[in-house]
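My notebook is open and the viewer is running. I'll jot things down as I look them up.

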Amino acid sequence: MRFAPSSVRGAAIAAAVGAFCLAGSAQAAEMTGAGATFPYPVYAKWAEAYKAKTGISLNYQSIGSGGGIKQIKAKTVDFGASDMPLKPDDLKTSGLVQWPMIMGGVVPVVNVPGVKAGELKLSGKVLADIYLGKVKTWNAPEIAKLNPSLKLPKKPIAVVHRSDGSGTTFLFTSYLAAVNPEWKDKVGVSTAVEWPAGIGGKGNEGVANFARQTPDSIGYVEYAYALQNKLAYTQLSNKDGAFVKPSSATFQSAAANADWAQAPGFSLVLANQPGKTSWPITGASFILMHASQAAPARAAEVLKFFSWAYANGGKMAEALDYVPMPANVATMVAGVWTEQIKSADGKAIWPAK
Amino acid sequence: MRTEPPLPEACADNGRTPASEHAFRLLCRAAAVTVAGFLLAVFVVLAVNAAPALAAFGPGFLTTQVWNPVTERFGAVAPIFGTLITSLIAMLVGVPLAVGSALFLTEICPHRLRTSLIVGVELLAAVPSIIYGMWGLLVFAPFLANHVQPFLIDRLGPLPLLGALFQGPPFGIGTLTAGLILGLMVLPFIASVACQVFFAIDPFLREAAYGVGATTWEVCRNVLMPQGRAGLLGASMLGLGRALGETMAVTFVIGNAHRVSASLFAPGTTISASLANEFTEAVGDLYLSSLQALGLILFVITFVVLALARLMLRHIEKGDAR
């Protein structure tokens, strides 16, 4: 027991120092945001680079999309972030402006002995049937037909899904609903759904862990997690009927085909986009800000950060396996800022001086 | 209700009470009122926030298993079932191990080892629950999946009735794993209180029993256990309270599926695991309200358990007095 008091004291000192540092940084200029966990790594990276350049820091709390929407509606933060786009009506009633900030892909991962990354081919319909519990074993004819050259075991499929509400699940279920009518009717699309089968892991890391540990399992994670954990991702057939592997290139192809200009409030889900080389489970993460700003100077600082991120954040995003928004979308977004985000007396805030 | 004891003679003899005594009593009373106030506030907030869900689903909330965020239909059966069953397993595993180790530490263990072992037990109680969760997920669950569950499924699965508890694919995670981890987690709590209980028993009783020729087993069974049962019950309730409310470790290993399954190997969920999983991303008022209704139910379950423990304790004390 002798060392315990000193370790307690050590912890207390560390906590005190931590609190002091927090208090110190609160003195400097700071933007606040809260929301989605999916884009958090890239926002953090941008914030670090932006702070080094301008001295303005970002306090982003990755509390989840639902929390982010609540916080921005309550005006406790400068911006909210959500993986699920709000519908145009919802934006109007709550007085919010929304735009896409960053994109990423979700990939199915399998742990089947002898099957390497990118070897297994699945169609959206079969993937949905697996998650519906209808295709139960790996040697089922539906899977065998797509993979004549692979020898798949006569074992039950262990289905792994997210247990927490998540933008990843939203993208995944959007895709399954788009390609499988039964999924659309029975389960639907949301950040959390009533899963017909399988076990739930908390967070991308939870699903990645289950998928890695449980033989004969299938799960779905963000692309970055599949790479980091060396999980065997699958190929998927896309809307044009071609089999594609997940990569920055196939995500970008899906994004390039997205028609942002025709989506009011940028409310667009990128699941199952057309294009021969498009990865079918791609999606954007969104930023939310109030249209009417009581503190225009502060809002302008936040918009400056996002503008800088559009212009300079691409490389950093790609290094983390995210997909930056195309330049034409960034221009469109800046137009929306000018048009919709106003100070209390009705003056446009963007472009900021 | 006991009345407030009179002031000690020393204070009362000159007919006045020192100000410090008054201040002390006031402070203590304020502390007690604050605690009670917090409790009441938690209950009120939970009840108010749970009201929309309870109004929408009525008593059906307690009897339906559906948990569908898309159609916004919710029922609490799966999490309530999971909470009770994992806590039951935890108690079945934790209490015998804890009492056994406490008896070893107080009666059998050589003196030189005793202190370090007791410190060890107390350190175990200080391990953060997420560590148990990660260990459960990364070490314990694969071990169960590879070595224990296939064996049990093969041997016990085909049995009638009992077999239903041991069927299904060996994922390694599920209700049983969560219950076992919880058992390990409550063990140090119960064991360390049980040690104190046994130490507190009058040494003369023990010496007298040994003096008339009782063996260690006889002393434990006929002297220590009956003497200490009120304390042991209290220790177990402390453990049960922890098991009912434990969140992180359970979330890691239970499989988080809103389903009631007969099999102990199947994934399930508990109230606190559901809250931890879904609260941050719950969109929609009815969804949030349903989660808070789960919280309210856990609050009530814990309250009932503690009330039952009180009743049992009173019963035991009455028995002792006779």
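How much area do chain B and chain A bury between them? I looked this up first, keeping in mind that the model is predicted. Chain B and chain A bury about 2,400 Å² between them. I also noted that 57% of this buried area is on carbon and sulfur atoms. I like this as a starting number because the size of an interface is often given as the accessible area lost when the parts come together.

**Contacts across the interface.** I got 29 residues of chain B in contact with 34 residues of chain A. Next I asked how many salt bridges cross between the two chains. The rule finds 0 of them. Polar contacts do turn up: 10 residue pairs between chain B and chain A, with both residues at pLDDT 80 or more.

**Which parts of chain B touch chain A?** I listed the elements that give two or more residues to that side: β1 (67-68), α4 (111-126), α5 (129-156), α9 (248-253), α10 (271-278) and α11 (285-321) of chain B. Sorted by type, the residues of chain B that touch chain A are 20 nonpolar, 6 polar and 3 charged.

**Chain B as a whole.** I noted 11 helices and 2 strands here.

Of the 322 residues in chain B, 42% are buried. The accessible surface of chain B comes to about 16,900 Å², and 71% of that belongs to carbon and sulfur atoms. I also checked contacts in chain B with a separation of 6 or more: 73% of them join residues 24 or more positions apart.

**A quick stop in chain A.** I picked helix α3 (residues 65-73) and asked which of its residues are buried. My list has A:S65, A:G66, A:G67, A:G68, A:I69 and A:I72. What covers them? The cover includes β1 (30-35), β3 (79-82), β4 (96-111) and β12 (282-290) of chain A. Last entry: α3(A) is followed by A:K75, which has a positive phi, near 60°.

Terms used: Residues numbered from 1 in each chain as written. Chains lettered and ligands numbered in written order. Predicted model: local features only at pLDDT ≥ 70, side-chain atom pairs only at ≥ 80, totals over all residues. Heavy atoms only, no water. Contact = heavy atoms within 4.5 Å. Buried area = accessible area lost by both parts, 1.4 Å probe. Salt bridge = Lys/Arg side-chain N within 4 Å of Asp/Glu carboxyl O. Polar contact = N/O pair within 3.5 Å; in protein donor to acceptor, adjacent residues only side chain to side chain. Helix = DSSP H or I, 4+ residues; strand = E, 2+ residues; numbered from the N terminus. Nonpolar A, V, L, I, M, F, W, Y, C, P; charged D, E, K, R; others polar. Buried < 20%, exposed > 50% of the residue type's maximum accessible area, 1.4 Å probe, protein only. Areas by Shrake-Rupley, 256 points an atom, 1.4 Å probe, with all protein chains shown as cover.
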